[in-house]
Amino acid sequence: MYYYIPRKDDTDVEEKLRWYGEKYPSRGFPEYFKRIRKEGLIWNHKRVRRVYIKLKMNRKRKMKRRIPNPVKTILLQPLRPNLSWSIDFMEDRLENGRKFRTLNIIDDYNREALTIEVDYSFPSTKVVAMVQQVIEWRGKPEQIRSDNGTEFIAKAFEGFCENSAIKHLRIQKGKPMQNGYIERFNRSYREDVLDTNIFENINQVKEKTVEFLEDYNNHHPHDSLGKMSPIEFLNHREIKKMSNFTL
C-alpha cells in the first residue's frame with residue numbers, strides 16, 4: 001500500500017526563532033511571532049508555535065551575558081580643565097536604615113568637585129541629566145572615566161556620550177585605583193561627611209554636602225597640587241598662563 005508522507009521544511013522558521021532567541025533571550029513566543037509578522041513573514045501561528053516547542057524554546061532559560069573587561073588605561077594628570085572627568089557612586093544609610101546614594105563628579109585636572117548629587121536612587125536617565133547640568137555651566141569634557149556600574153553601561157549613558165562626542169573610559173573590573181582621583185575624593189567625602197554624622201533625613205545629607213563642597217573646592221590643600229585647593233590651583237594656572245601670554 002502507498003501512503004502520503006508530508007514534507008515539511010521548517011529550516012527558515014528554525015533559523016529565525018534561533019536568531020530571536022540569541023538576540024532577545026528574555027523574551028518569549030508572543031513577541032517573537034509579532035516580530036516575525038512585522039518582517040512580513042506569513043508563517044502560520046500554529047506552525048511557528050510548533051517549531052518553537054520543537055526547539056525547546058518554551059523552557060525557561062537562564063542566559064547572562066558577560067560584560068567584556070575594558071582595556072587598561074593609564075591614569076594621567078590632565079593638562080587643562082575639561083579634558084577628563086571622573087564619575088562614581090557612593091552609598092550610605094539614614095538613621096532609620098533607609099539607603100541613599102550620592103553621584104560624585106570631579107574634574108581630574110584640579111580635582112575640583114563639580115557636583116555631589118544626593119538621592120535614594122539614580123536611574124541612568126538621571127545620571128545623564130546630572131552630567132548635562134554640569135556641562136551647562138562647566139563646559140563639555142573630552143572624556144569621562146567610570147567603573148562598570150549598570151548606570152554607566154546602560155544605553156542611556158552610553159548613547160549620551162556617543163551623541164555628545166564624549167569618550168567614555170571604563171576601568172577594568174576589580175581595579176578601582178584605575179579611577180584613583182575620584183576614589184581619593186570619595187575617601188575625603190566619607191571621612192568628613194558620611195562617617196562623622198548621623199542623618200535623620202536626606203535633606204540633612206544635602207546640607208552637609210553643600211558645606212563640604214564649598215570647603216573642599218576652596219580650602220582643602222592637595223599635596224599633588226602644591227598644597228593648593230582645587231580653585232586656588234585653577235586660578236594660579238590661569239594667572240600663569242596669562243602672564244606667559246603677555247610676555
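**Helix crossing and hairpin strands**

Me: Is the crossing of H7 past H8 left-handed or right-handed?
Reply: Helices here are DSSP runs of H or I with at least four residues, and strands are E runs of at least two, numbered from the N terminus. A crossing is left-handed if the near helix is turned anticlockwise from the far one by less than a right angle, and right-handed if clockwise. Where H7 passes H8, the crossing is right-handed.

Me: What pLDDT do side-chain atom pairs need to count?
Reply: Residues are numbered from 1 along each chain as its sequence is written, and side-chain values use heavy atoms, leaving out hydrogens and water. The model is predicted: totals for chains, interfaces and linings use all residues, local features need pLDDT of at least 70, and side-chain atom pairs need pLDDT 80 or more.

Me: Is Phe 212 buried or exposed?
Reply: Phe 212 lies in H8 (residues 202–219). Phe 212 touches Ile 116, Phe 185, Ser 188, Tyr 189, Asp 192 and Val 193, leaving aside residues up to four places away in sequence; contact means heavy atoms within 4.5 Å. Buried means under 20% relative accessible area, exposed over 50%, partly exposed in between (1.4 Å probe, protein chains only). At 6%, Phe 212 is therefore buried.

Me: Which side chain makes a polar contact with that of Asp 92?
Reply: Asp 92 sits in strand S1 (residues 84–93). A polar contact is an N or O pair within 3.5 Å; within protein, one atom must be able to donate a hydrogen and the other to accept it, and sequence-adjacent residues count only if both are side-chain atoms. At 3.4 Å, the partner of Asp 92 is Arg 190.

Me: Which residue in the turn of the S1 and S2 hairpin has a positive phi?
Reply: Strands pair if DSSP finds at least two bridges between them. S1 and S2 pair antiparallel over 9 bridges. Their hairpin has 5 residues between the strands, and the positive phi, about 95°, belongs to Gly 97.

Me: In the S2 and S3 hairpin, which residue takes a positive phi?
Reply: S2 also pairs with S3 (residues 112–119), antiparallel over 7 bridges. Here 4 residues lie between the strands, and the phi near 60° is that of Arg 111.
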